Amino acid sequence: MDRRIKEYLSYLSAERGASAHTLRGYRQDLMQFAGYVLSAASMTMGKQAPQVERIHVRGYLAWLAQRGVRKSTMARKLAVVRAWCDYGVRMGCLASNPAKLVPMPKVDRRLPRVLNVDEAMALMSEPGRQAATSGGESKRLSVMALRDQAILELAYSTGIRVSELVGINGGDLQRDAGFLLVRGKGRRERLVPVGRAALEAISRYRTAWHADKPALGDHANDPLFVNNRGGRLSVRSVERLVARYSRAVSASGPVGPHALRHSCATHLLESGADLRAIQELLGHASLATTERYTHLNADRLLAVYDQAHPRAKLK
């Protein structure tokens, strides 16, 4: 099974353009499933190599449920197993896909974390506020505060994924035209507009960075956002900085980079933006994915109404 997993991951990388993050996730899920199947088969088949069957998939989900795994995570893991088995059918390793016969766990639709407009505006200025009040502020701290502000502005302005944000190179930003070339899932490229506030924040950051380290970041293929050593910023680093700054401005606690993506889409929708325009901005392959914002917006409105209106609930 290990060999078939490696072949599938190679296929995802070479043919589907899967990111390193996606490949790591698929590998972890498939190795966990393979470990379960081998363990279950060893009790009935000894050392004989097992053939993946429906009973294995059902048993795997039950095993996950016993360990308190959330339904949303179980659904993701089942989707990975289904895709792997589909590949096995195409390669002639399986006669049919046993995972397709197992129903997907019903996942409760949860409202994504979204900042309101006031919180979003406060978040954009939070790096500068914290730098100004830190005491004994150094030049290096000032550059990093400008970088963090540029990251927050760009994430909120464009709604791009955090993996897309850290992958941006200096040559991807067309400052004069106000557009950014984004490489999304499956290596699909799209042009997204960038707001003036984000462009100005990026300009301030890059000017300060070049004044401090003039030899770094000059080439078009150099990363736009860098760490202290001039290397490409990681997804985890962006997650930490968003959580740190949002903790100070969000009434419901810290949020992650994906909340900025949700906030961007929600605020555009509330301002009357066209749904297809939002789809193109976010890089959704299907309009159905974007349409959830209309439903979630209605759900949020009902939740606020039920909580705030004195006649919403009669006793």
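Colleague: Which residues line the second largest cavity?

Modeller: This is a predicted model, where local features need pLDDT of at least 70, side-chain atom pairs count only at pLDDT 80 or more, and totals for chains, interfaces and linings use all residues. Residues are numbered from 1 along each chain as its sequence is written, and side-chain values use heavy atoms, without hydrogens and water. A cavity is a set of points on a 1 Å grid over the protein atoms alone where a 1.4 Å probe fits but cannot get out; lining residues have an atom within 4 Å of a point. The lining here is Ile151, Ala155, Ile160, Arg161, Val162, Leu165, Val238, Val242, Pro257, Leu260 and Arg261.

Colleague: Which helix gives the most to that lining of the second largest cavity?

Modeller: Helices (DSSP runs of H or I, at least four residues) and strands (E, at least two) are numbered from the N terminus. Helix 6 (139–158), helix 7 (162–166), helix 9 (235–246) and helix 10 (257–270) each give two or more residues to this lining. With 3 residues, the top contributor is helix 10.

Colleague: What is the volume of the largest cavity?

Modeller: The count comes to 3 cavities of 30 Å³ or more. Grid points are joined across faces, edges and corners, and a volume is the space filled by probe spheres set on the points. The second largest cavity has about 40 Å³. For the largest cavity, the volume is about 80 Å³.

Colleague: How many charged residues does the lining of the largest cavity have?

Modeller: Arg4, Glu7, Trp84 and Cys85 are among the lining residues. Ala, Val, Leu, Ile, Met, Phe, Trp, Tyr, Cys and Pro count as nonpolar, Asp, Glu, Lys and Arg as charged, and the others, Gly among them, as polar. The lining has 6 nonpolar residues and 1 polar, and the charged ones number 2.

Colleague: Which residue in strand 3 is the bridge partner of Val182?

Modeller: Strands pair if DSSP finds at least two bridges between them. Strand 2 and strand 3 (residues 189–193) are antiparallel over 5 bridges. The partner of Val182 is Arg190.

Colleague: Which residues of strand 2 point to the buried face?

Modeller: Buried means under 20% relative accessible area, exposed over 50%, partly exposed in between (1.4 Å probe, protein chains only). Side chains alternate along residues 179–183.

Colleague: Which residue in the turn between strand 1 and strand 2 has a positive phi?

Modeller: Strand 1 (residues 173–174) runs antiparallel to strand 2, joined by 2 bridges. Gln174 stands opposite Phe179. The hairpin has 4 residues between its strands, and the positive phi, about 75 degrees, belongs to Gly178.

Notes
On a 1 Å grid over the protein atoms alone, a cavity is a set of points where a 1.4 Å probe fits but cannot get out, and a pocket is an open set with protein on both sides within 12 Å along at least five of seven lines; lining residues have an atom within 4 Å of a point.
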